Amino acid sequence: MQVTMTVNDVEVTREIEGRLLLVHFLRDHLGLTGTHWGCDTSNCGTCVVWLDGEPVKSCTVLAAMAGGHEVRTVEGLAKGAELDPIQEGFRQCHGLQCGFCTPGMMMTCRALLDKNPDPTDAEIREAISGQICRCTGYSTIIRSVRWASVHEAAAKQEEVAQA
Amino acid sequence: MQVPAPFEYERATTVDHAIGLLERLGSSARLVAGGHSLLPMMKLRLANFEYLIDINPLHEELGYIRFTGDEVRVGALTRHRELLESDELAAVFPIFRDAERVIADPVVRNRGTLGGSLCQADPSEDLSAVCTTLGASCVIRGPGGAERVVGMEEFHVGPYETAVGDDEMLIEVRVPVRPAGGSAYEKVERRAGDWAVVSAGAAVWLAGDGTVADARVGLAAVGPNTTGIPEISAALRGNAPAEELYDQAGAIAARSCDPVTDQRGSADYKRHLAHELTRRTLRKAVERARSGH
């Protein structure tokens, strides 16, 4: 069957099998290997991407289901050479060690900040409760999200002051 | 790599289109909504279908929470996140928000649906226990627009088995609203996002004199099926709410359920939880009924 969807603002069309999972479509058909493929059972969350702006576990979504919809992956976070504040936060606060969970973590945390620009630590923990990190103990991930939250708020204030 | 066996993907455009496809394809086809129960089962080849009919495009038609005054009507494609976030639903039936907070995890809740949860009919599934507790009924639609309404007891035929026929579809869940009610849900799980070790839901309706006019308790993960416990309702009705009464109800829950020892705990521990969670949810449901929730 043929599927057409928008991935990181680019429309793509591919011939696929109905059983193809979105994570494999992104990695193997589009070469977008930033989205990681982990547990295969929707437990670990490293495969999280956005489907129409909502984080989903792409190991448990059929590529065909995404047909006609908008997908955003970790490759679509940065604006050119400028990192998203979430990416910068993970970099500044050591939000990763091995990096395996990082793409999924960042996609979920970006979506959290879009809805809730100033989340509490408990709200951040709740948001990533369906995702597993075996390196950081989560504390530095929380700090990374707080970093992004604070810096985004400051950047907004500056914008307002300049306007 | 875990992938399902090959199947043909069909996409439904309306409810009647989906039912038409089911009518034509019969038991070789299955509806898929959130897919977070069905796709893992297909990956493990515990379930195999020649056709999957994607009903996500029906979300506009079947994703709703409507209040008619004496009923709350929830479309089968309403997602967990929508049930969790609805303040109106939480005001009438706080049990939904209690349960949704502990169902799967936030990312899975973006996909999973009420209808998918009920139709999966997993004995550990929380929304089935919620709907059982509230005495909900299910609207099942078939060929030619024929609709039938069945109660939860009839809906649940057995583990992973419901009253929905091969050419039928669950389209709506109706929950009766009765005056002076309160409800609550509690779940013990090993870690975030896990299935319940045991869950319990309670709903209580108070009479003008403060006694229990009616009450219902629903349990999950303690037997082959999610069913209400009529003996608990009988024991509570007509009595003034009190700790001894909750304890008595808990004791009935513990001896009425049928848990098995597994990696989540021993049968004895699960009976203990059934007892304790029944007490806690009844206590909270009464508090909420008294405070107008």
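**View 1. Where domain 1 of chain A meets domain 2 of chain A.** Here 12 residues of domain 1 of chain A are in contact with 11 residues of domain 2 of chain A, contact meaning that the C-beta atoms of two residues, placed from the backbone, lie within 7 Å. This is a predicted model, in which local features need pLDDT of at least 70 and side-chain atom pairs count only at pLDDT 80 or more, while totals for chains, interfaces and linings use all residues. To find your way around, residues are numbered from 1 along each chain as its sequence is written, and chains are lettered from A and ligands numbered from 1 in the order in which they are written. Chain A splits into domain 1 (2–76) and domain 2 (85–157), with bounds that come from an automatic or database domain assignment. Between the C-alpha centres of these two domains of chain A lie 22 Å. On the side of domain 1 of chain A that touches domain 2 of chain A, strand β3 (residues 48–51) of chain A gives the largest share, 3 residues. That side comprises 7 nonpolar, 5 polar and no charged residues (Ala, Val, Leu, Ile, Met, Phe, Trp, Tyr, Cys and Pro count as nonpolar, Asp, Glu, Lys and Arg as charged, and the others, Gly among them, as polar).

**View 2. Helices α2 and α3 of chain A, packed together.** Helix α2 (residues 85–92) of chain A meets helix α3 (residues 102–115) of chain A at an angle of about 125°, and their axes are 9 Å apart. Therefore α2(A) is oblique to α3(A), a word for angles that are not under 35 degrees (roughly parallel), over 145 (roughly antiparallel) or 65 to 115 (roughly perpendicular). Axes are lines fitted to C-alpha atoms, for helices over the stretch in contact, and angles run from 0 to 180 degrees between N-to-C directions. Look for Ile86(A), Gln87(A) and Phe90(A) on α2(A), which make the contact with Thr102(A), Met106(A), Cys109(A), Arg110(A) and Leu113(A) on α3(A). By type, the residues of this contact are 5 nonpolar, 2 polar and 1 charged.

**View 3. An open sheet of 3 strands in chain B.** The strand order is β11-β12-β13 (chain B), with antiparallel pairing; strands pair if DSSP finds at least two bridges between them. Helices (H or I, at least four residues) and strands (E, at least two) are DSSP runs, numbered from the N terminus. β11 (181–189) and β13 (212–220) of chain B are at the edges with a single partner strand each, so one side of each has no neighbour in the sheet. Between β11(B) and strand β12 (residues 196–206) of chain B there are 9 bridges, and Val188(B) has Val198(B) of β12(B) as its bridge partner. Helix α13 (residues 267–290) of chain B packs on the sheet and touches β11, β12 and β13 of chain B.
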